[in-house]
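Here is a short briefing to read alongside the coordinates. Have a look at the structure first, then come back for the notes.

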Amino acid sequence: MKLDLLAIAAHPDDVELTCGGTLLKMARLGYKTGILDLTQGEMGTRGTPETRAEEAACAAKILRVSWRNTLGVPDSDVQPTRQHKLRLAQVIRELRPHTVILPYWEARHPDHYHASTLGYEACFLAGLKQLPIGGEPHRPFKILYSTSYATVRPTFVVDITSEFDVRRKAILAYGSQFRPKAHQKRSKVFLAIDRLEDEMNQLARHYGQMIGVEYGEPFLQKELLAVDDVTKLPVRSI
Ligand SMILES: [Zn+2]
């Protein structure tokens, strides 16, 4: 399968929370999109790997994703090891994505920043002919970093106003995480995840306002943006 856009993240639901609207928007434009979860999220306080796998499949359908899979890296132990890099490079060769979305490289959760390094290095290695894996060498053209979890100024924001409601549905498909049963909720003093969905919605609103629309998702690219016509640049200055 050849993908136009592949989002890679540490845990199921990371992609929905950080760039789900963008994935849906690209699918609506006719692009083939995919999600690779590095882990099954088995260290999460709530839900089992089985329920989370079902929820992930449901969320993928809602976001019209053409391909979703798990790399099988142990949750809470995402590391840019040679073994993981080769396995990820193999997947990249099979999917041949033009654009890859990775988490930003600084984060509170070690899995998130390691996912960024692992993703970048696997994208690089996938293009090396002599790599001891099968398939034709392939290197994605573009790597974008999702900065929703980070406190860094993004390079650009994608308008997801038309996708926001469906993005919410995809996030809430993770019922074990965001709609826990009452007894589960009571048994815990406080879990950051109880506020996460709300926080991510507020962030989408914040970044949307930054570009003059209702909702947006922020990204960073290391390269500079090239511009041909400076009179057609969007987002009003004053
Ligand atoms: Zn995560």
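This is a predicted model: local features need pLDDT of at least 70, side-chain atom pairs count only at pLDDT 80 or more; totals for chains, interfaces and linings use all residues.

The four donor atoms of the zinc ion make angles of 56 to 132° among themselves, and the site is irregular. Residues are numbered from 1 along each chain as its sequence is written, and side-chain values use heavy atoms, with hydrogens and water left out.

**Zinc site**

- The protein donors are H11 (ND1), D14 (OD), D14 (OD) and H112 (NE2), at 2.1 to 2.3 Å from the zinc ion; donors are N, O and S atoms within 2.8 Å of the metal (3.2 Å for Na, K and Ca), and sites may look incomplete because water is not among the atoms.
- In sequence, the spacing of the donor residues reads H-x2-D-x97-H.
- H11, in the loop between β1 (5-9) and α1 (14-28), and H112, in helix α4 (residues 110-125), are 101 residues apart and link distant parts of the chain; helices (H or I, at least four residues) and strands (E, at least two) are DSSP runs, numbered from the N terminus.
- Both H11 and H112 are buried, meaning under 20% relative accessible area with a 1.4 Å probe, protein chains only.

**Nonpolar cores**

- The largest nonpolar core holds 31 residues, and L6, I8, L36, L38, W67, L71 and L88 have the most contacts inside it; such a core is a set of buried Ala, Val, Leu, Ile, Met, Phe, Trp, Tyr and Cys residues joined through side-chain atoms within 4.5 Å.
- Two or more residues each come from β1, α3 (82-95), β4 (99-103), α4 and β5 (142-146), with α3 giving the largest share, six residues.
- Another core, of 30 residues, lies apart from it and includes A7, A56, V65 and I101.

**Sheet**

- Seven strands form an open sheet in the order β3-β2-β1-β4-β5-β7-β6, with mixed pairing; two strands pair if DSSP finds at least two bridges between them.
- β3 (67-70) and β6 (156-159) are the edge strands, each pairing on one side only.
- β4 and β5 pair in the parallel sense over five bridges, and I101 stands opposite L144 in β5.

How values were computed
Four donors count as tetrahedral if all angles lie between 85 and 135 degrees; four count as square planar and six as octahedral if opposite donors are over 155 degrees apart and all others between 65 and 115; anything else is irregular. Buried means under 20% relative accessible area, exposed over 50%, partly exposed in between (1.4 Å probe, protein chains only).
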